[in-house]
Amino acid sequence: SYFYEADGAYEFIPTWTASGQIGRQVVADSIGLDLNYYKVGVSKAFANGWTVGGFYSITNEPAAYKNYASLSNSGGSTNVAKDQVLLSVFKSF
C-alpha cells in the first residue's frame, strides 16, 4: 500500500493565499479502495496570528467508502469520500 500527495500555496495578494492539494491512496491486494482526492481553497491571515480559510475537497468516490458509521449523522452511515466544503479558523501562538 502507499499514499502520496502534492501540495502548493501561493500568496496572490498580501495576507491572501490560494492553495491546492492532489493525493492518491492505493491499498494493496484490494478492490475498490484506491482513492484520488483534490482540494483547493483560499485563506486570509489577520493580525495576532489568526487565519480563516475556505476549501473545497473532492474525490473519485469509490463505492467502498459510501457506508461508514458517522458521529455527525446521528449514528447513521455516511459517504466519507463525498465532496466537502471545509471552513477553518486557526490561531498561531
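Student: What makes Y37 count as buried in this model?
Tutor: Y37 has a relative accessibility of 13%. Buried means under 20% relative accessible area, exposed means over 50%, and partly exposed is in between, with a 1.4 Å probe and protein chains only. At 13%, Y37 falls under the 20% cut-off, so it counts as buried. Keep in mind that this is a predicted model, where local features need pLDDT of at least 70, side-chain atom pairs count only at pLDDT 80 or more, and totals for chains, interfaces and linings use all residues. Residues are numbered from 1 along each chain as its sequence is written, and side-chain values use heavy atoms, with hydrogens and water left out.

Student: And how much of the chain is buried?
Tutor: Buried residues make up 22% of the 93 residues.

Student: How many aromatic pairs are there, and how do you know whether a pair is stacked or edge-to-face?
Tutor: A search of the whole structure turns up 2 aromatic pairs. Y2 and Y4 have ring centres 5.8 Å apart and planes at 10°. Rings of Phe, Tyr and Trp (its six-membered ring) pair if their centres lie within 6.5 Å; planes under 30 degrees apart count as stacked, over 60 as edge-to-face and the rest as tilted. The Y2 and Y4 rings meet the distance limit and the angle limit, so the pair is stacked. Y2 is partly exposed at 46% relative accessibility, and Y4 is partly exposed at 46%.

Student: What about F3 and Y37?
Tutor: Their ring centres are 6.1 Å apart and their planes sit at 10°, so that pair is stacked too. F3 lies in strand β1 (residues 2-13) and Y37 in strand β3, so the pair ties together parts that are 34 residues apart in sequence.

Student: Why is the contact of D34 and R24 called a salt bridge?
Tutor: The definition asks for a side-chain nitrogen of Lys or Arg within 4 Å of a carboxyl oxygen of Asp or Glu. D34 and R24 come in at 3.8 Å, N to O, so the pair qualifies. D34 lies in the loop between β2 (16-26) and β3 (35-45) and R24 in strand β2, so the pair ties together parts that are 10 residues apart in sequence. D34 is partly exposed at 27%, and R24 is partly exposed at 22%. The count by this rule is 1 salt bridge.

Student: What makes K44 sit over the ring of F46?
Tutor: A charge sits over a ring if NZ of Lys or CZ of Arg is within 6 Å of the ring centre and within 35 degrees of the ring normal. K44 lies over the face of F46 at 4.9 Å from the ring centre, and K91 lies over the face of F93 at 5.6 Å. F46 is in the loop between β3 and β4 (50-59) and is partly exposed at 46%.

Student: Which residues make the nonpolar surface patch?
Tutor: Y10, F12, I13, W16 and V42 make a patch of about 490 Å². β1 gives the most, with 3 residues, while W16 is in strand β2. Patch members need over 30% relative accessible area and no salt bridge; like charges are joined within 9 Å, and nonpolar side chains (Val, Leu, Ile, Met, Phe, Trp, Tyr) within 5 Å. W16, at 34%, is partly exposed and clears the 30% limit.

Notes:
Helices (H or I, at least four residues) and strands (E, at least two) are DSSP runs, numbered from the N terminus. Accessible areas come from the Shrake-Rupley method with a 1.4 Å probe; for residues, only the protein chains shown count as cover.
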